[in-house]
Amino acid sequence: MASIDDSLSRADELNFTRPVPKSAGAQMRFLVKQLKSTREAARLLGISQRTVERYVRDQLRQPKPALAARLAAEVRRRWQPLVRKRAREQAARQTGLVIETRARFGFTAAPGTTDDGRMRRITQHLPPQYASRLFAAQEAGAPEAELRAIAAEGLQEIYFKDNGARAASLLVEFTDIDYVDFAF
């Protein structure tokens, strides 16, 4: 199942102005610079301080896959924080965000209507109010269910209810997410 938290983080990366360091040495040097010590980098990655120092000096070049994944994730998480912040602020205040998803949508609606869930592929622009709520919840460490509820509410109001023009009593359930991508 796709994660809304991961999708929002991937959307941040679309706004980067410089590429993320690719080599293990460059990634390690960046991480040490951000954390201000090799000891903190070693603690964060779960390796020895000596190993960190060897990567910094390019004495080691090929980390094991598990370490490479942790290192790349930590570098991406810390890369260009001001660019990330500006893009999120603009989306939360002015532009909103675009959600593209394929998921099962079920409905609670008036009697006599079809409320069986079915897989739908939806690409929809959500206004800034939903972007700001999603970003605030993500930064506060909200669980995936809360992020999914905010996204479902946005799709409910904008896509299914057409900004209040139809289906006033409709409630949308956002389940069985095949994939979800955001752009802002």
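Let me start with a term: a residue is called buried when its relative accessible area is under 20%, exposed when it is over 50%, and partly exposed in between, using a 1.4 Å probe and protein chains only. Hi everyone, and please keep in mind that this is a predicted model, where local features need pLDDT of at least 70, side-chain atom pairs count only at pLDDT 80 or more, and totals for chains, interfaces and linings use all residues. Residues are numbered from 1 along each chain as its sequence is written, and side-chain values use heavy atoms, leaving out hydrogens and water.

With that in hand, let's look at R77. Is R77 buried or exposed? R77 has a relative accessible area of 52%, so R77 counts as exposed. R77 sits in helix α5; helices here are DSSP runs of H or I with at least four residues, strands are runs of E with at least two, and both are numbered from the N terminus. The C-alpha atoms of R77 and S9 are 8.0 Å apart, although 68 residues separate the two along the chain.

R77 and S9 bring us to the largest pocket. Its volume is about 470 Å³. Of its 18 lining residues, S9, D12, R77, R84 and Q138 are the closest to the centre. Two or more lining residues come from each of α1 (4-13), α5 (65-78), α6 (81-95) and α7 (128-139).

Grid points join across faces, edges and corners, and the volume is the space filled by probe spheres set on them.

Which helix gives the largest share of the lining? That is α1, with 6 residues. By type, the lining has 3 nonpolar, 2 polar and 13 charged residues. Here Ala, Val, Leu, Ile, Met, Phe, Trp, Tyr, Cys and Pro are nonpolar, Asp, Glu, Lys and Arg are charged, and the others, Gly among them, are polar.

Now for the inside. In soluble globular proteins, nonpolar side chains tend to be buried together. A nonpolar core is a set of buried Ala, Val, Leu, Ile, Met, Phe, Trp, Tyr and Cys residues joined through side-chain atoms within 4.5 Å. The largest one has 32 residues, and I4, L97, F105, L134, F174 and F182 have the most contacts inside it. The greatest contribution to this core is 7 residues, from α8. Another core, of 17 residues, lies apart from it and includes V20, A41, L45 and V75.

Next, a helix pair. The axes of α6 and α7 are 6 Å apart and meet at an angle of about 145°; axes are lines fitted to C-alpha atoms, for helices over the stretch in contact, and angles run from 0 to 180 degrees between N-to-C directions. Contact means heavy atoms within 4.5 Å. Among the residues making this contact are R88 and A91 of α6, and P128 and F135 of α7.

Most residues other than glycine have a negative phi. K36, not a glycine, has a positive phi of about 70°, and Q80, also not a glycine, has one of about 45°. K36 is in the loop between α2 (24-35) and α3 (38-45), while Q80 is in the loop between α5 and α6. K36 is exposed, because its relative accessible area is 72%. Q80 is buried, because its relative accessible area is 9%.

How values were computed. 1 Å grid on protein atoms, 1.4 Å probe; cavity = no way out; pocket = protein on both sides within 12 Å on 5 of 7 lines; lining within 4 Å.
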